[in-house]
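Please look over the model shown here before reading the points that follow. They cover salt bridges, a sheet, helix packing and some loop residues.

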Amino acid sequence: MLLENMLSQAKCTFPFSHLGVTFQNSNSLLVITAWLPHAEKVEVIDLSSDGPIGELTKSNDSYLFSGEFNVLTQPKAYSFKVTNGETEYQVIDPYQFQEHAYHAVHYVDHSPENIYQQLGAQLINLDVGLESPIQATRFAVFAPNASAVSLIGDFNYWDGSCLPMQKTDFGYWVLVVPGIKAGAKYKYQLKDAMGHELPHKADPVGFLAEQYPSHASIVYDHQEYNWNDSKWQRQPHKDKYQQAMSIYELHLGSWKKPGEESGKRFLSYRDLAVDLIAYIKDMGYTHIELLPVSEFPFDGSWGYQPVGLFSPTSRFGGPDDFKYFVDQCHQNEIGVIIDWVPAHFPEDGHGLARFDGTHIYEYEDPRKGWHPDWNSCIYDFGKDTVRQFLVGNALFWMDKYHIDGLRVDAVASMLYLDYSRDKGEWIPNVDGGNHNYEAISLLQWMNKAVYEKYPNGMTIAEESTSFSKVSRPVFEGGLGFGFKWNMGWMNDSLHYIAKDPAYRRYHHNEITFSMVYAFDESFILPISHDEVVHGKGSLLRKMPGDEWQQAANLRAYAGFMYAHPGKKLNFMGNEIGQAEEWNHDSSVNWHLLEFDKHRGIQSLYRDLNKIYVKYPALYELDHDHKGFEWIEHGNAQQSVLSVLRKSNDAKQKIYFVVNFTPVPYDNFKLGVQDLGEYQLLLSSDDEKYWGSAYNTQETYQGEGDAWNGQPYSISLSLPPLASLFILFKG
């Protein structure tokens, strides 16, 4: 194929072999060749002197220009002065910078961080010996099976014939283009191995993306933002297992909606930095957990069908705005956790699916590469390039956005080859089993990399089976996660609390069974978004009884959650007793706070957070059996539980009692370990929580009567459907 035809049809695989500077006659003759669509006249300008070198000659009726020059006139760098009709402009030839373009592939495979430090659109300065370096953008994309790749964007009218990229031996396509600055929109035009054009692709390592309909990638400068969270970043390493962790999970698009008069669909990252942070501080949460913020095309996926893993969604603002939000959280001592989704990705044309016409990111066989639950692709966890891509992405969020933790979605779907598949629909591993060894290895690598490079960071697994050692170190044979969501506790406790109190006595084991395995993993107790959507009803509406009993059940259950070993997570709306289940198109029903009931529930969650953070007995030994004792777990007849939580030094003791019936119990005896004074820290039946304000004492005196296997006891009035926290004062 003639060179002109290859270039005009965007089928040139090795443009550096044809364009830019070449030498002839034993390197005594300098040849400059340019491909400049729509140009009529081209003159070469020496950038050192800003003077002309000579004019290029047009080849036939094409837009291919070339000229021969004495090698002694070779400039350090040059530009073209292009005339097109009455228009004249100057452009620096990108094809003179082959060495700089290849720079990316020299380093990309050396470490996961190089994925985001070398690939994508990297703003660079070309130091070629001029007075000032040339500002340019280096583009690099992995597409090993493409026959041609062109850079298209608003800088070349999205014309795929203008800027062909160079294929390297490693399967990366590269090009350095001077003059492209932050804010420029771009995509890649690819031809598959047969030369067929594919849908225009967004950059897999793009740092910013435009919304529908273009989904274009946008060049972004990560050096622009000045962080102010050094105090947070430099804090000494703390054992997170012995720290309080009360997490507020939220969906940024529906936590609060802007007023109609604002003309905005969503609050921006900077809006949230004001409103959300003030709310989190007031409520006493220690962390927020954001549903996925990686760019995603469909609002209704809530972010769980990501396309741009390296781009915070531009729905709410730019990357600097998101950095500002995280920065402000840290300055207010709030940790930030994001959902990270390596389990699947959608088939949107601009995304990763069949990126170069082949399955370079996903498993080729649909029995491994297609997710039947979500109708989406599954990463090929066995390919080194994919593994590095994913581990690099995990590190990217910790590095560039100072994220404190990654909650990994749908881990079970990664671990099991037969997940949601019937017989004959999956491929066994080499040992004939159903474990995906490649995914297991990837997760171990990711966790090791995160904890080695970011000791104050953390990883959290949403893993819904009894897979062994999810939150145990890799050197112990574990997956290496710091924490695991306790789905068993969540399912059993919600099933129990939904029962009519009259029948709870027959299901008492459901509320106590979680303590059989409570210390097998490092658990977080989740009442997440998944439990208040798709017809499951809100947390309040899961509760039985009339209006008062529903609220009382919710308050008692909240107290039980904060007394149970494990860190805490609640989805937005739970804390105000929202009656409607979550709808991503609507705000949390903040208007409910006009009513005493909902203000009372909110006050309870606020106070639970405060006593939880204040008293180490409630969190220091969340993952150690030494911090927990049953006082009485077998009182099914009265549906009452009582436990003791202890601090690390065993000096602080908090007793917790919960009555899961609407019947109050006067002169209720509670076994205790010490004589002395006991103080009521919180009763969920308090009037300020919209409770019945049943006659509960503020203080108690330990007596010599042994009870519940303890040497002493206190006597109390136990309100209906209520939780009590009682501190031993000595």
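A salt bridge is a side-chain nitrogen of Lys or Arg within 4 Å of a carboxyl oxygen of Asp or Glu. By that rule, a search of the whole structure, which is a predicted model, finds 27 salt bridges.

**Salt bridges**

- Glu 295 and Arg 315 form a salt bridge through their side chains, at 2.9 Å from N to O. Glu 295 belongs to strand 17 (residues 294-295), while Arg 315 is in the loop between strand 18 (308-312) and helix 6 (319-331), so the pair ties together parts that are 20 residues apart in sequence. Both Glu 295 and Arg 315 are buried.
- Asp 622 and Arg 645 also form a salt bridge, with the closest N and O atoms 3.0 Å apart. Asp 622 is in the loop between helix 14 and strand 27, and Arg 645 is in strand 28, so this pair ties together parts that are 23 residues apart in sequence. Asp 622 counts as buried because its relative accessibility is 0%, and Arg 645 is buried with a relative accessible area of 1%.
- One network, built from salt bridges that share partners, joins Glu 289, Asp 339, Arg 407, Asp 409 and Glu 462.
- In the salt bridge between Asp 365 and Arg 367, the closest N and O atoms are 2.8 Å apart. Asp 365 has 26% relative accessibility and so counts as partly exposed; Arg 367, at 37%, counts as partly exposed too.

- Six strands make an open sheet in the order 27-28-29-34-31-32, with antiparallel pairing. Strand 27 (628-632) and strand 32 are the edge strands, each pairing on one side only. From one strand to the next, the twist averages 25 degrees.
- Strands of a sheet pair through backbone hydrogen bonds, either parallel or antiparallel.
- Strand 28 (residues 640-646) pairs with strand 29 (residues 653-659) in the antiparallel sense, over seven bridges. Arg 645 stands opposite Ile 654 in strand 29.
- Helix 13 (residues 547-563) packs on the sheet and touches strand 28, strand 29 and strand 34 (722-728). The direction of helix 13 makes about 40 degrees with that of strand 34.
- Helix 14 packs on the sheet as well, touching strand 31 (677-683) and strand 34. The direction of helix 14 makes about 140 degrees with that of strand 31.

**Helix 5 against helix 14**

- Helix 5 (residues 269-283) packs with helix 14 (residues 596-614) at an angle of about 70 degrees, and their axes are 8 Å apart. The angle makes helix 5 roughly perpendicular to helix 14.
- Helix 5 contributes Tyr 279, Asp 282 and Met 283 to the contact, and helix 14 contributes Gln 602, Tyr 605, Arg 606, Asn 609 and Lys 610. By class, these are three nonpolar, two polar and three charged residues.

**Residues in loops**

- Which residues does Ala 579 touch, not counting residues up to four places away in sequence? They are Ser 538, Leu 540, Arg 541 and Leu 592. Ala 579 is in the loop between strand 26 (567-571) and helix 14, and counts as partly exposed at 23% relative accessibility.
- A cis peptide bond, with omega about 10 degrees, joins Tyr 212 and Pro 213. Pro 213 is in the loop between strand 13 (185-191) and strand 14 (217-218).
- His 38, a residue other than glycine, has a positive phi near 80 degrees. His 38 is in the loop between strand 2 (29-35) and strand 3 (41-46).
- Asn 708 is not a glycine, yet its phi is positive at about 55 degrees.

Terms used: Residues are numbered from 1 along each chain as its sequence is written. Side-chain values use heavy atoms; hydrogens and water are left out. Axes are lines fitted to C-alpha atoms, for helices over the stretch in contact, and angles run from 0 to 180 degrees between N-to-C directions. Helices (H or I, at least four residues) and strands (E, at least two) are DSSP runs, numbered from the N terminus. Angles under 35 degrees count as roughly parallel, over 145 as roughly antiparallel, 65 to 115 as roughly perpendicular and the rest as oblique. Contact means heavy atoms within 4.5 Å. Ala, Val, Leu, Ile, Met, Phe, Trp, Tyr, Cys and Pro count as nonpolar, Asp, Glu, Lys and Arg as charged, and the others, Gly among them, as polar. Buried means under 20% relative accessible area, exposed over 50%, partly exposed in between (1.4 Å probe, protein chains only). Two strands pair if DSSP finds at least two bridges between them.
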